[in-house]
Amino acid sequence: MDIIIQGLKEGLMLVWSMDPKIIQITLVSLQVSLSALLIAACLGIPLGAALALKEVPGRRLFLNITYTFMGLPPVLAGLIVYLVLTTRGPLGQFQLLFTPTAMICAQILLAFPIICGLTARTVMAQRQEVYDTAVTLGASRRQAAWAIIRESRMGIIAALTTALGRLVAEVGAVMLVGGNIEGSTRVLTTSIVLETRMGEDSRAIGIGIILLVISFSIIVLINLLEKRSFKNDAGIQIT
Amino acid sequence: MTPVFKLHKIIKRYGQREVLHIEEINIHGQKICAILGPNGSGKTTLMRIMGLLTRNDTGTVNILGEDIHWGKEQLLKLRRQMTMVTQTSFMFEGNVYDNVAYGLKIRRMPERGIRAAVEKSLELLGMSAFIAADARNLSGGERQKVAIARALAVEPRVLFLDEPTANIDPQSAVEIERHVRFINRELGTTIILVTHNLFQARRLADEVFFMWDGKMVERGSAKDIFEQPQDERTRSFLSGETVF
């Protein structure tokens, strides 16, 4: 127990000291995870909504594959990206392996199925009711589809926060394709692994605290962007 | 006078099951028409076809003088002349104003006109005080009144009411009936009321269509149907017998 308390104290001191190395690692983490989230959201939200709203051939199969990939092990995502970006791989000529770009690619692979699958689910959950209401009030198909997406925004925000949670906590994929290179591809999670292996427990705890604060701050920020989600976060009254 | 709705040899199936088989229906405007019948008799399916929400498998539908070919533009044009209120009206996230304004906003009406129309509709339903209230926190009766105000704001020629008072208390139901009568008499809106509430149909309807097992078994004035029903099934239903 003493080790943990001591580690926490030293960790907080480390956060307080604003170590330039830690700041640099934090910035790389943010750059990688937020870029991956943004790209995955730009692809996943429209595709998930379209799959929920339109009956197209192969829709069910695609959704089932998406749901399966929601549980994709990070190290496997890393391996797939590694094989594509390695010098002998199809995109080897671009020499992206062991760069933040490779890490972003691996994280997109992890975040996209979550965002796409959960968006599809949340849109499907209410499409008929909202569609009928919108259409009977004179909405065109496009306007009704937009109304469905608008009404699904709580679920879409939940999809984004779930994906972000997975990205910031992920270590396997970024380690494999990033290589944990100091000053370049080292991120908070890979730093924790490294510091622990080197016996620097307090440093690992300090980085862990930073990781938690970042996760919490981003999730609060996303929720604040959609003020109503807080309003509707009130629990069910059980008496 | 051209009927508002003219349906001819309409059949609707879900899988192998035929849920609706209508030979002929003509409904003229500015009346309150009740579609009456037990659960599963095809009332809602008929209303959804008339409201252009469900496509019939065979037969022809003519609405407001136009034969329906289910083209995008025609659907939009005709749907914008009809609105619907169901027994559990969905409220969009937002306040009462946002909900009542929805139909006007999608018609790209100027903001000043929207506010005036919303206030007028809410006033008509006695709901002006709720304009800023969260629409999802309303009681069942209030929610139905907002749904009717929302439907009226777009000044429809036809208003469909699908069991509009099924889930609300008797006092609110009486109030809603009063509004329905007013909307029909004063605004000239044609009202299609789908219900299995005999008393409500009797109080409100000018004309009654009685349905049983997907077919229209009897139609006539409310007085004739309730006082001298011709069909055995109508008589049994009205007397509350359990032959069904």
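My entries below go from ground rules to sheet, core, domains and chain contact.

**Ground rules.** I'm working with a predicted model, where local features need pLDDT of at least 70, side-chain atom pairs count only at pLDDT 80 or more, and totals for chains, interfaces and linings use all residues. Residues are numbered from 1 along each chain as its sequence is written, while chains are lettered from A and ligands numbered from 1 in the order in which they are written.

**Sheet in chain B.** Strands here are DSSP runs of E with at least two residues, helices are runs of H or I with at least four, and both are numbered from the N terminus. Two strands pair if DSSP finds at least two bridges between them.

**Strand S9(B).** How does S9 (207-212) of chain B pair with S3 (32-36) of chain B, parallel or antiparallel? I found the parallel sense, over four bridges. Within that pairing, B:Ala34 has B:Val208 as its bridge partner, and B:Ile35 sits opposite B:Phe209. With S10(B), S9(B) pairs in the antiparallel sense over six bridges, and there B:Val208 is bridged to B:Gly220. The hairpin of S9(B) and S10(B) has two residues between the strands, and B:Asp213 takes a positive phi near 55°. I also checked burial: five of the six residues of S9(B) are buried. That term needs 20 or more other C-beta atoms within 10 Å of the residue's own, with exposed at 12 or fewer, partly exposed in between, and C-beta atoms placed from the backbone.

**Core.** A nonpolar core is a set of buried Ala, Val, Leu, Ile, Met, Phe, Trp, Tyr and Cys residues joined through C-beta atoms within 7 Å. The largest one has 130 residues, and A:Ala106, A:Ala111, A:Ile115 and B:Leu193 touch the most other members. H5(A) provides the largest share, 20 residues. Both domains of chain B give residues to this core, so it lies between them. Contact means C-beta atoms, placed from the backbone, within 7 Å.

**Domains of chain B.** Domain 1 is 28-55 + 68-81 + 156-244 and domain 2 is 91-155, with bounds from an automatic or database domain assignment. Their centres, taken over C-alpha atoms, are 24 Å apart. Each domain puts ten residues into the contact. On the domain 1 side, helix H6 (170-187) of chain B gives the largest share, four residues.

**Chain A against chain B.** I count 14 residues of chain A in contact with 17 of chain B. H5(A) gives the most to the chain A side, six residues.

**Last stop, A:Ile218.** This residue is in helix H10 (201-225) of chain A. I logged A:Ile218 as buried because it has 20 C-beta neighbours inside 10 Å. Its C-alpha atom is 9.6 Å from that of A:Leu34, 184 residues apart along the chain.

Conventions: Contact = placed C-beta atoms within 7 Å.
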